[in-house]
Number of protein chains: 2
Amino acid sequence: LVIKTDMLVDKTDVPRGMTYRQAARKAVAMCVSDFASKGVKPDSFLVSIGLPRDSTGGQVRELALGFKDASNEWGVKLVGGDTGEADDLVIDCVMVGFAKRVVWRSGAKPGDLVVTTGYFGYPPSGLRILMEGAKATELFGAKAAASVLRPSPNLAAGLALAKYLSSSMDSSDGLAICLHDIADASGVGISLDALPVKEDVRAFARTNSLSLERLVLGGGEEYLIVGTLEEESFRKASRAARVAGGELIRIGRVNGKKGRVELVENGRSEQVDRIGWTHLS
Amino acid sequence: LVIKTDMLVDKTDVPRGMTYRQAARKAVAMCVSDFASKGVKPDSFLVSIGLPRDSTGGQVRELALGFKDASNEWGVKLVGGDTGEADDLVIDCVMVGFAKRVVWRSGAKPGDLVVTTGYFGYPPSGLRILMEGAKATELFGAKAAASVLRPSPNLAAGLALAKYLSSSMDSSDGLAICLHDIADASGVGISLDALPVKEDVRAFARTNSLSLERLVLGGGEEYLIVGTLEEESFRKASRAARVAGGELIRIGRVNGKKGRVELVENGRSEQVDRIGWTHLS
């Protein structure tokens, strides 16, 4: 039995421009993302909802539609929950699944490759566009905003990859925190030889004078999987990810320098700090 | 697999005078009460916590102590959870257990006895004392306040009773709602021939000019079990409850008048409305 709970709170998790329907779907996506990264097929979910007193019937219907979207999208059944009154919209999603094996954070071994299931930087760019009016082309603005409003963990890819991964976690707190957590839990170090970033995010960072490293490493809300695997498994794993509609990107290698995460570019090594999303900081 | 989630919100579920430690314990008690009424032994629980930004380290430690109290008291393990920021203190407790059989609301049959595992009215009296300064003797005040601040579902009694009950639920929304839910789900009627109330609650109602019926039927937060069973099981069930440190009180009988709940006193029959605790009303 695998069970996981994740609480979405309006104030911190629902950016401007996100509808109640999208917020409800996101609450479920947050859990799906964790199941995907652990290679566990979710079976069903429950939701505890705290509603502000002035909520309308329309908003409650929006929430229901969002749960239905999620249910259809990831094949999980909504089997129960609780409703009550709260100052803020609060949705606690509880997800349940069954598994013979789970991929932990602690299995990374020196020599393993470090991989991700996609490129980083879109959600933090989208948040800056939605919340702070950062400048972006129409095309990039739409892509970045969609990554915030409709986070889409690739569950199928996660399930397909599980058997190849020596360690993994989802990157919802950001890439840097993710790499540090895996390094700490596995008692290893990680050396990145490439930031998983595409030219459009680089251009967005340049245009808005933002630190590209901060955008890619410290963003959060990414919902991609970060993991490690033996080098000889990479080709098969990569094919499995593609078959599941995803991709697998090689970004670095595990080494023996306990707890250290570094970025090596042009022969220069730079320490990667544990930056990213932490609550109540 | 039995799984249940119940959300405690500061504003609606934490009365004045309740400490964070008691609030944390109560969040778990709310789930334990439901498991007790269904005859399912809980195995473990998770908590999702939303904390106001100005929470202190002391308050967080208080919460941890409350979860530990609950864990020790009912023999359930805390196995995980989530923390984040919210306007209000929010604790969503998720409880997990395993069962071959669950007692539903829908099994009541005409002729069955209606029973409860205790006397009603203490928590609503306690709330009036804590929140509104209602008048009470020192002894009654202490007893009623304790029933609010330290709700104590009798899990052992619930587990012992399960095999005798044809239907049951916990009375956390109040006795009247409970009886209506069982009547509706079972397609039967219920006739009460006695209110489950003791002289001290009667006296409190008199002193404060409160409706005794409203106090006993519409109170909420009671955490007792209301159920039905065949008359010939009553003696054995009653003994099982006593062995588990509880009691079983006979308050009425199931009949064929679909969906109707009535109180018959001194030969007069009076309809019992669906009064009690509903959120957002």
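Ser172(A) sits in the loop that runs between strand 6 (165–170) and helix 7 (175–186) of chain A. The model is predicted. Relative accessibility at Ser172(A) is 18%, so the residue counts as buried; the cut-off for that class is under 20%.

The side chain of Ser172(A) makes a polar contact of 3.1 Å with the side chain of Asp170(A). Beyond neighbours within four places in sequence, the contacts of Ser172(A) are Gly220(A), Glu221(A), Glu222(A) and Tyr223(A).

## The interface between chains A and B

Chain A gives 32 residues to the contact, and chain B gives 32 residues. About 2,600 Å² is buried between the two chains. Carbon and sulfur atoms supply 64% of that area.

Four salt bridges are counted between chain B and chain A. One of the residue pairs joined in this way is Glu85(B) with Lys11(A), at 3.5 Å from N to O. On chain B, the elements giving two or more residues to the side that touches chain A are strand 1 (2–9), helix 1 (10–13), strand 2 (42–51), strand 3 (77–85) and strand 4 (90–97). Strand 1 of chain B provides the largest share, six residues. By class, this side of chain B holds 14 nonpolar, nine polar and nine charged residues.

## Symmetry of the pair

Chain B superposes on chain A by a rotation of 179°. The shift along the axis is 0.0 Å, and the RMSD is 0.0 Å. The two copies are therefore related as by a two-fold rotation axis. Both copies use the same surface: 100% of the contact residues of chain B recur in chain A.

Over all chains, the count comes to 36 salt bridges. Asp69(A) and Arg21(A) form one, with the closest N and O atoms 2.7 Å apart. Asp69(A) belongs to helix 3 (residues 57–74) and Arg21(A) to helix 2 (residues 20–38) of chain A, so the pair ties together parts 48 residues apart in sequence. Asp69(A) counts as buried, at 19% relative accessibility. Arg21(A) counts as partly exposed, at 32%.

A salt bridge also joins the side chains of Arg25(A) and Glu73(A), at 2.9 Å from N to O. Here too the partners come from distant parts of the chain: Arg25(A) is in helix 2 of chain A and Glu73(A) in helix 3 of chain A, 48 residues apart. Arg25(A) is buried, with a relative accessible area of 1%. Glu73(A) counts as partly exposed, at 35% relative accessibility.

## A buried pair in chain B

Asp34(B) and Lys4(B) form a salt bridge, with their closest N and O atoms 2.7 Å apart. Asp34(B) lies in helix 2 (residues 20–38) of chain B and Lys4(B) in strand 1 of chain B, so this pair ties together parts 30 residues apart in sequence. Both Asp34(B) and Lys4(B) are buried.

## A network across the chains

Salt bridges link Lys11(A), Arg53(B), Glu85(B) and Asp87(B) in a network. Within it, Glu85(B) and Lys11(A) are the pair that meets at 3.5 Å, N to O.

Key:
Residues numbered from 1 in each chain as written. Chains lettered and ligands numbered in written order. Predicted model: local features only at pLDDT ≥ 70, side-chain atom pairs only at ≥ 80, totals over all residues. Heavy atoms only, no water. Helix = DSSP H or I, 4+ residues; strand = E, 2+ residues; numbered from the N terminus. Buried < 20%, exposed > 50% of the residue type's maximum accessible area, 1.4 Å probe, protein only. Polar contact = N/O pair within 3.5 Å; in protein donor to acceptor, adjacent residues only side chain to side chain. Contact = heavy atoms within 4.5 Å. Buried area = accessible area lost by both parts, 1.4 Å probe. Nonpolar A, V, L, I, M, F, W, Y, C, P; charged D, E, K, R; others polar. Least-squares fit on C-alpha atoms with pLDDT ≥ 70 in both.
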